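Subject: Handover of a protein structure and the findings on it

Dear colleague,

Please find below the structure that I am passing on to you.

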Amino acid sequence: MELAGNLFLVGLMGAGKTTVGRALARRTGKTFYDSDHEIEARTGVRIATIFDIEGEARFRDREVSVIADLVQMNNVVLATGGGAVLRPENRRNLKNHGVVIYLRATIDDLLARTQHDKNRPLLQTADPRAKLAALFAERDPLYCEVADLIVDTTQQNVTHLVARLEQQLLALQGAPRRSPLA
């Protein structure tokens with residue numbers, strides 16, 4: 001498939017950004033990056049360790065720097081961390097350098113996909129469902145603001161999801177682009 005430009009995936013943890021991103025990169029011949037993995041590679045420690053030692057605010061600073069670097073590349077698929085949209089500079093960078101795809105799922109699906117993952121610092125709480133619901137309420141408007149496409153990943157087979165996404169991207173490629181965020 002011939003899709004021009006960069007593709008950026010946003011959404012809550014467990015929405016499928018990394019899984020869908022890898023599959024989409026393979027099908028489109030683009031290079032795949034995951035902003036969280038890039039942060040870990042640059043720092044030499046896990047995201048959870050950064051949260052523990054430096055806190056969320058410093059992690060978000062690192063995330064801004066990594067995303068600013070990655071969006072400058074060409075022909076990439078980038079899976080962002082779930083909270084990347086919290087910073088306006090990330091939303092601007094994503095919007096201005098590629099097509100942004102919001103992978104959206106139900107709280108039940110997100111919980112099922114993340115409940116055994118101990119590398120999700122924000123979910124190390126007594127009530128992960130309530131935390132996911134709060135994160136969804138806070139972030140969904142930001143994901144929608146930055147998204148060119150919104151795709152439901154609830155109970156979706158990755159192969160079918162990526163094939164459907166390809167068709168939507170091809171259609172979008174022929175449509176006029178929304179204005180960039182200022």
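The notes below go from the chain as a whole to its sheet, its helices and some individual residues.

Please bear in mind that this is a predicted model.

Overall composition

The protein chain holds seven helices and five strands. Read from the N terminus, these elements follow one another as β-α-β-α-α-β-α-β-α-α-β-α. Of the 182 residues in the protein chain, 47% are buried. As to contacts between residues at least 6 apart in sequence, 75% join residues at least 24 apart.

The sheet

The five strands make up an open sheet with parallel pairing, in the order β2-β3-β1-β4-β5. The edges are taken by β2 (31-34) and β5 (149-152); each has a single partner strand, so one side of each lacks a neighbour in the sheet. From one strand to the next, the twist averages 20°.

Two of the pairings can be described further. Strand β1 (residues 7-10) is joined in the parallel sense to strand β4 (residues 99-104) over four bridges; here Phe8 has Val100 in β4 as its bridge partner. Strand β4 also runs parallel to β5, again through four bridges, and Leu103 stands opposite Val151 in β5.

In a regular strand, side chains alternate between the two faces of the sheet.

Helix α2 (residues 35-43) lies across β2 and β3 (76-79), and its direction makes an angle of about 70° with β2. Helix α4 (residues 88-97) lies across β1, β3 and β4, running at about 145° to β1.

Aromatic pairs

The count of aromatic pairs comes to two. In one of them, the ring centres of Phe51 and Phe59 are 5.0 Å apart and the planes stand at 40°, so the pair is classed as tilted. Phe51 counts as buried at 15% relative accessibility, and Phe59 is likewise buried, with a relative accessible area of 2%.

The rings of Tyr102 and Tyr143 have their centres 4.7 Å apart, and with their planes at 40° this pair is tilted too. Because Tyr102 belongs to strand β4 and Tyr143 to helix α6 (residues 128-146), the pair ties together parts that lie 41 residues apart in sequence. Both tyrosines are buried: Tyr102 has 1% relative accessibility and Tyr143 has 0%.

A residue with positive phi

Which residue has a positive phi although it is not a glycine? That residue is Asn75, with a phi of about 65°. Most residues other than glycine have a negative phi. Asn75 is located in the loop between α3 (47-70) and β3. With a relative accessible area of 35%, Asn75 is partly exposed.

Yours sincerely,

A colleague

How values were computed: Residues are numbered from 1 along each chain as its sequence is written. This is a predicted model: local features need pLDDT of at least 70, side-chain atom pairs count only at pLDDT 80 or more; totals for chains, interfaces and linings use all residues. Side-chain values use heavy atoms; hydrogens and water are left out. Helices (H or I, at least four residues) and strands (E, at least two) are DSSP runs, numbered from the N terminus. Buried means under 20% relative accessible area, exposed over 50%, partly exposed in between (1.4 Å probe, protein chains only). Contact means heavy atoms within 4.5 Å. Two strands pair if DSSP finds at least two bridges between them. Axes are lines fitted to C-alpha atoms, for helices over the stretch in contact, and angles run from 0 to 180 degrees between N-to-C directions. Rings of Phe, Tyr and Trp (its six-membered ring) pair if their centres lie within 6.5 Å; planes under 30 degrees apart count as stacked, over 60 as edge-to-face and the rest as tilted.
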